[in-house]
Structure formats: C-alpha cells, structure tokens
Amino acid sequence: MMKIHLINPNTTASMTKKIGEAAEQVASSSTKIVATNPTSGPVSIESHFDEAISAVGVLDEIRRNPDADAYIVACFGDPGLMAARELTQSPVIGIAEAAFHLATLISTRFSIVTTLGRTGIIAEHLLQSYGFSHHCRKIRAAEIPVLDLEDNSELALNKIVEECLLAKAEDDIGAIVLGCGGMADLTDEISKRVGLPVIEGVTAAVKLAESLVSLGLKTSKFGDLAYPLPKHFTGTYEYLSNK
C-alpha cells in the first residue's frame, strides 16, 4: 500500500480533518492518506510571517514521520517546500504548484480565487517562481479570513462563488484554481455553480504524488536538493543538530 503523508502547515485540527477527507475521496484504493498538522505554529496562514513560522512545523512533521512514500504540503503558499525536499527522497508536492500544473493541462489560461488580497501577492510570487505567470490571467480575493472556511462556511462559499463568477465573466479564462487548502471540500460545488473546471491543490497533489510513486520517481539528491549538511544548531533548534 502506498502511504501519502498530507501535512496541513497550520495547527487547526478541523481543517486538517477536512483536507484529509478530501484527499481520501480521490486517492486510489491502494493509497493510505495520513493527515497531520504541527503542534506549534499559526492557526491559519495569511502572511509571509505565518509562512516562515509554519515552515518549521512542516519540516518537523516530515522528520517525525520519515516512512511515507510521498508528502504533500497542504497550504497554497507551499511553505518550506524546497527545504522539505532536502529532507527526504520521497516526492514532496506543494498544493499551489500541483494546481498550476493541472490547470495548464486542461486550459490555456486560468484565474486564481483566494482568501485575502495579501495572500494573492504570495500566489503571484509562486506563479513567477514556478514559471506559470503567463498562464494566469488574474488573482482574485474573496476577502475572507482563512478560518471563515471553518466557522462561517456557507458565507465563505458564497463569496468565493461570487469571485469565481466574476472571473468567468471578465478574465477570458478556461479554468479556476482555488487558492487555499481550506477550500479542499468545495471544488465540486463551486464547479457546478460556476460552470467551469475548478482545480483545487490538495486533490491535485494526491494524484500527482500517486503518479510519481508509481513511476518510481524520487526527489533528486544531486545538487541543491541533497540532504542538508550535518551541523550543530543552538538554542531552540538544538534538536536539529546532526554531526
């Protein structure tokens, strides 16, 4: 059985449960999904600061669970993704990168609908870094806090649908990418109400992870993704020392 470890980088357990269930719905019957979140860190990720803190939690989750066939970083900012790839030979997939790849396979241009405008700027940086900027027409924000997806889910859904409908009417696109892991359970409903293909990163990452594992493809350990050099850490991070 293939084991995929899905890491929610924030500490909100209800969101971890939700994205784990969404992953299980699309996973093959021979795939086991294990969904966890760090015990320390932000309850939601809505800034560069939140991402920086949460990245340490992502890395700790991989170190605590070293036996997975693949890992998924289930936050649309892909926090700590490259560092995570250094820690393991197993594939590590960020949900933003996964969603961008799949969106370009079914459409020539897409728009992103995310939570807050400031996180849209983070998504723009990722588009540039991953080489997808020319495929994305616009980044739209529903202007809802991430935790509204948990606490005010119906209101949040309606605001997201409103932005998706505007994207369909104004952006000259063929698909929509949802810009938050907390939207993992909304894909089918949004697609039905908007009438466009909707790509959500958690489920996209699951299928990409299964493909990489099935093909026997692992994270390269030649070059910059080689294991980190052993060294001594001090203070809070002394537990990371490896000499």
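The following questions and answers examine how terms are applied to this predicted model.

Q: Why are helix 7 and helix 8 called oblique to each other?
A: The axes of helix 7 (residues 153–170) and helix 8 (residues 187–194) come within 10 Å and cross at roughly 45 degrees. Angles under 35 degrees count as roughly parallel, and 65 to 115 as roughly perpendicular. The crossing angle of roughly 45 degrees therefore makes helix 7 oblique to helix 8. In its handedness, the crossing of helix 7 with helix 8 is right-handed.

Q: What residues meet where helix 7 and helix 8 are in contact?
A: Helix 7 contributes Leu157, Asn158, Ile160, Val161, Cys164, Leu165 and Lys168, while helix 8 contributes Glu189, Ile190, Arg193 and Val194. Sorted by class, the residues of this contact are seven nonpolar, one polar and three charged.

Q: What makes helix 1 and helix 9 oblique to each other?
A: The axes of helix 1 (residues 13–26) and helix 9 (residues 201–214) cross at roughly 45 degrees and come within 9 Å. Under 35 degrees an angle would count as roughly parallel, and from 65 to 115 as roughly perpendicular. Helix 1 and helix 9 are therefore oblique, and their crossing is right-handed. At the contact, Ile19, Ala22, Ala23 and Val26 of helix 1 meet Val202, Thr203, Val206 and Lys207 of helix 9. By class, six of these residues are nonpolar, one is polar and one is charged.

Q: Why is one side of strand 6 and of strand 8 left without a neighbour in the sheet?
A: The open sheet has four strands in the order 6-5-7-8, with parallel pairing. Strand 6 (136–141) and strand 8 (198–200) stand at the edges, so each has a single partner strand. From one strand to the next, the twist averages 25 degrees.

Q: How do you know that strand 5 and strand 6 pair?
A: Pairing requires at least two bridges between the strands. Five bridges join strand 5 (residues 110–114) to strand 6, and the two run parallel. Isoleucine 112, for example, has isoleucine 139 in strand 6 as its bridge partner. Helix 5 (residues 117–130) packs on the sheet, touching strand 5 and strand 6, and its direction makes about 155 degrees with that of strand 6.

Q: Why is the pair of arginine 64 and glutamate 61 called a salt bridge?
A: The closest N and O atoms of arginine 64 and glutamate 61 are 2.4 Å apart. The cut-off is 4 Å, so the pair qualifies. Arginine 64 and glutamate 61 are three residues apart in helix 2 (residues 48–64), which means a separation of about one helical turn. By this rule, the count comes to 13 salt bridges.

Definitions and conventions:
Residues numbered from 1 in each chain as written. Predicted model: local features only at pLDDT ≥ 70, side-chain atom pairs only at ≥ 80, totals over all residues. Heavy atoms only, no water. Axes fitted to C-alpha atoms, helices over the stretch in contact; angles between N-to-C directions. Contact = heavy atoms within 4.5 Å. Parallel < 35°, antiparallel > 145°, perpendicular 65-115°, else oblique. Left-handed = near helix turned anticlockwise from the far one by under 90°. Nonpolar A, V, L, I, M, F, W, Y, C, P; charged D, E, K, R; others polar. Salt bridge = Lys/Arg side-chain N within 4 Å of Asp/Glu carboxyl O.
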